[in-house]
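This briefing is intended as a guide to reading a protein structure one part at a time. Please keep the sequence and the three-dimensional view open while working through the points.

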Amino acid sequence: MSKPNLQHFWCFLLLLWTFSPFAHSAEIALDSPYLFHADAKQLPPEHFNDVTQWMGQLEEARSVSLAGGDYWMVSPVMVNSRQSHWVVDASNSIVESVDYWLLGSDGSVQTAHSGYYAPYEFLFDYGRKVRLNMGTDYWLVTRLSSRYYSSAPELAIESEEVHQLTNDRVAMAILICLGGLLFIALYNLLIYISIFDKAFLYYGLYVLTYFGGWALTFHLPAHLFNFHQLELHHLFFISLPIFNIMFYKHFLQLPSYSPRLWRLSQYLLVACILALPTSIWLLPYTAIIASVLIMLWIALAITCGNVCLMKGFAPARYFIMAFSCLLLPAVIILPGNMGITPDFIEHAEFATLLGGTVDALLLSLALANKLKLLAEERKAHIEELGIAWEKARLDGLTRVGNRYAFDEYMNSQLTFADKVVQPTALVLLNVDSLKMVNDTLGHQEGDRLLQNLVQFLQATNIAHLKIYRISGDEFVLILPANGMGTLTSSLKGLTAQFAAEGLKDCQFSFGFATNSDVAEPHEWLRCADSNLYQSRMEKRRQEYADTRAGEIVSI
């Protein structure tokens with residue numbers, strides 16, 4: 001097609017679009033832009049009438065390469081509203097340099113520069129204010145230059161009022177999401193400091209990395225601190241699978257539930273680590289590399305969650321819900337980031353941030369549920385330990401305190417001698433005839449003897465009486481000193497009472513001491529043992545005297 005015919009063709013398209021019913025149905029009509037490759041030496045057209053001829057000299061581009069480059073985007077504009085304050089904006093991708101030329105049929109020329117390194121008129125976008133008059137036709141010529149594009153850039157023109165309101169709402173939502181991510185990250189790191197559970201450590205680092213990546217994507221450091229470092233953007237996103245894999249290794253206990261999936265996760269972990277330098281050395285391809293790794297990570301994480309849930313790990317249901325919220329925007333947006341499909345929704349980056357924030361909240365619920373389960377397990381374990389501890393302190397036969405419980409009691413006693421306010425007696429009671437009963441009547445009768453003895457002592461109704469069996473035939477009784485009279489009178493008739501129950505030839509000895517007469521716990525026990533020995537010796541002397549008297553009588 002010759003150049004004059006090409007110019008007539010562009011003018012015909014512009015005229016047809018201008019008078020179409022669709023063009024008049026909105027306040028402003030912005031047709032889909034024509035896309036061309038841009039060279040460093042190429043200059044924009046100077047006047048409205050030069051645009052069609054200028055476009056005829058350009059090399060047409062089928063699409064914007066995600067690996068970066070320079071492009072011209074040219075679109076006819078017509079205003080159907082009396083308002084004159086508008087905003088032109090290139091969105092949907094990080095762009096290092098954006099230049100706008102607005103050429104009017106009335107001879108007006110407006111230029112503006114924006115982009116990643118330029119000052120911002122609106123928070124989180126590359127919008128610039130322009131003036132458009134009703135009845136005037138315009139060409140919007142835009143030059144884009146960037147080392148990579150996260151997705152295909154889109155051009156839009158909105159009234160200043162609408163753009164400001166939309167921008168404020170999106171900015172507020174973005175800041176809420178980023179603030180929520182920062183809070184969740186710090187909260188889980190603090191929990192890790194408290195309980196040293198590595199699941200909380202890696203989850204906190206994962207959310208902190210997510211926060212850093214999106215803060216850079218929405219130019220927050222550039223807005224606040226004039227910090228521009230494009231190479232760091234995807235360094236954070238490539239790091240996401242690294243920290244999350246380490247998180248779900250500990251959270252899902254993956255090596256135990258599925259060693260094969262843990263090996264696959266390790267392979268992906270190594271791939272992500274090896275891909276980290278590409279954020280700096282292969283910047284044009286880092287968005288594509290990050291998108292591929294993130295898709296593999298999300299698919300693998302959901303698989304791991306389902307396998308662990310099927311194998312009985314209940315908190316995995318929150319894990320699956322969380323990654324489902326991350327998967328939905330990822331399925332819609334990541335193919336566009338890889339150049340496979342066009343972008344289906346407006347504000348795609350914000351939609352991904354929102355999905356990631358919901359993912360972080362649900363994973364926090366998963367960790368909270370894990371904490372609840374751990375607390376319940378800890379409570380049950382403490383109860384089991386308490387029961388085991390009580391059992392360890394009880395004598396299995398008589399169900400009274402054993403030697404360990406008695407030693408524990410003695411170690412707890414601190415007041416002796418003059419410090420004692422209410423004297424306490426320690427009684428050593430020995431079953432002298434237990435071996436004889438075992439040998440003559442059997443161990444079953446010996447056990448019955450010990451059980452009956454404990455029941456007898458418990459039936460004395462002495463207040464605060466404590467009974468311990470410290471050896472096979474020896475008991476310790478702890479009671480208030482004023483109860484010794486009752487206990488002594490009961491023990492004196494003990495042999496006769498057991499004989500009446502069929503346990504003949506049962507002999508008992510006892511000795512006691514009070515804590516007001518000694519200075520140390522071991523002296524308390526030693527004094528009672530000494531009195532027991534004296535009691536047994538007196539009994540033997542009495543038995544010997546009775547035997548000699550019987551022999552004399554018989555002679």
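The structure is a predicted model.

- Strands of a sheet pair through backbone hydrogen bonds, in either a parallel or an antiparallel manner.
- Seven bridges join strand β11 (residues 424–431) to strand β13 (residues 474–480) in the antiparallel sense.
- Threonine 424 has proline 480, in β13, as its bridge partner.

- In soluble globular proteins, nonpolar side chains tend to be buried together.
- When neighbours within four places in sequence are left aside, phenylalanine 247 is in contact with Ala199, Tyr202, Tyr203, Phe319, Leu363 and Leu367.

**Salt bridges**

- Side chains of opposite charge can pair when their charged atoms come close.
- Aspartate 395 and arginine 469 form a salt bridge in which the closest N and O atoms are 3.2 Å apart.
- This pair links distant parts of the chain, as aspartate 395 is in the loop between α12 and α13 (403–412) and arginine 469 is in strand β12, 74 residues apart.
- Aspartate 395 and arginine 469 are both buried.
- Glutamate 445 and arginine 448 meet through their side chains in a salt bridge of 2.8 Å, N to O.
- Both of these residues, glutamate 445 and arginine 448, belong to helix α15 and stand three residues apart, about one turn of the helix.
- Glutamate 445 is partly exposed because its relative accessible area is 23%, and arginine 448 is also counted as partly exposed, at 29% relative accessibility.
- A network joins Glu96, Arg147 and Glu231 through salt bridges that share partners.
- Glutamate 121 and arginine 128 form a further salt bridge, with 3.9 Å between the closest N and O atoms.
- Glutamate 121 counts as partly exposed, with 42% relative accessibility, whereas arginine 128 is buried, with a relative accessible area of 6%.

**Serine 114**

- Serine 114 has its place in strand β7 (residues 109–114).
- Its relative accessible area is 1%, so serine 114 counts as buried, the cut-off for this being under 20%.
- A polar atom of the serine 114 side chain lies 3.1 Å from the backbone oxygen of tyrosine 126.
- Beyond neighbours within four places in sequence, serine 114 is in contact with Glu96, Ser97, Val98, Tyr100, Tyr126 and Arg128.

**Tyrosine 149**

- Tyrosine 149 is located in the loop between β9 (137–146) and β10 (154–159).
- Is tyrosine 149 buried or exposed? Tyrosine 149 is buried, because its relative accessible area is 0%.
- Leucine 66 is 83 residues away from tyrosine 149 along the chain, and the C-alpha atoms of the two are separated by 4.7 Å.
- A polar atom of the tyrosine 149 side chain lies 2.7 Å from the backbone oxygen of glycine 69.
- With neighbours within four places in sequence left aside, the contacts of tyrosine 149 include Val64, Ser65, Leu66, Gly68, Gly69 and Tyr71. Ser93, Ile94, Val95, Leu144 and Ala287 are also among its contacts.

Note on methods. Residues are numbered from 1 along each chain as its sequence is written. This is a predicted model: local features need pLDDT of at least 70, side-chain atom pairs count only at pLDDT 80 or more; totals for chains, interfaces and linings use all residues. Side-chain values use heavy atoms; hydrogens and water are left out. Two strands pair if DSSP finds at least two bridges between them. Helices (H or I, at least four residues) and strands (E, at least two) are DSSP runs, numbered from the N terminus. Contact means heavy atoms within 4.5 Å. Buried means under 20% relative accessible area, exposed over 50%, partly exposed in between (1.4 Å probe, protein chains only). A polar contact is a pair of N or O atoms within 3.5 Å; within protein, one must be able to donate a hydrogen and the other to accept it, and residues adjacent in sequence count only if both atoms are side-chain atoms. A salt bridge is a side-chain nitrogen of Lys or Arg within 4 Å of a carboxyl oxygen of Asp or Glu.
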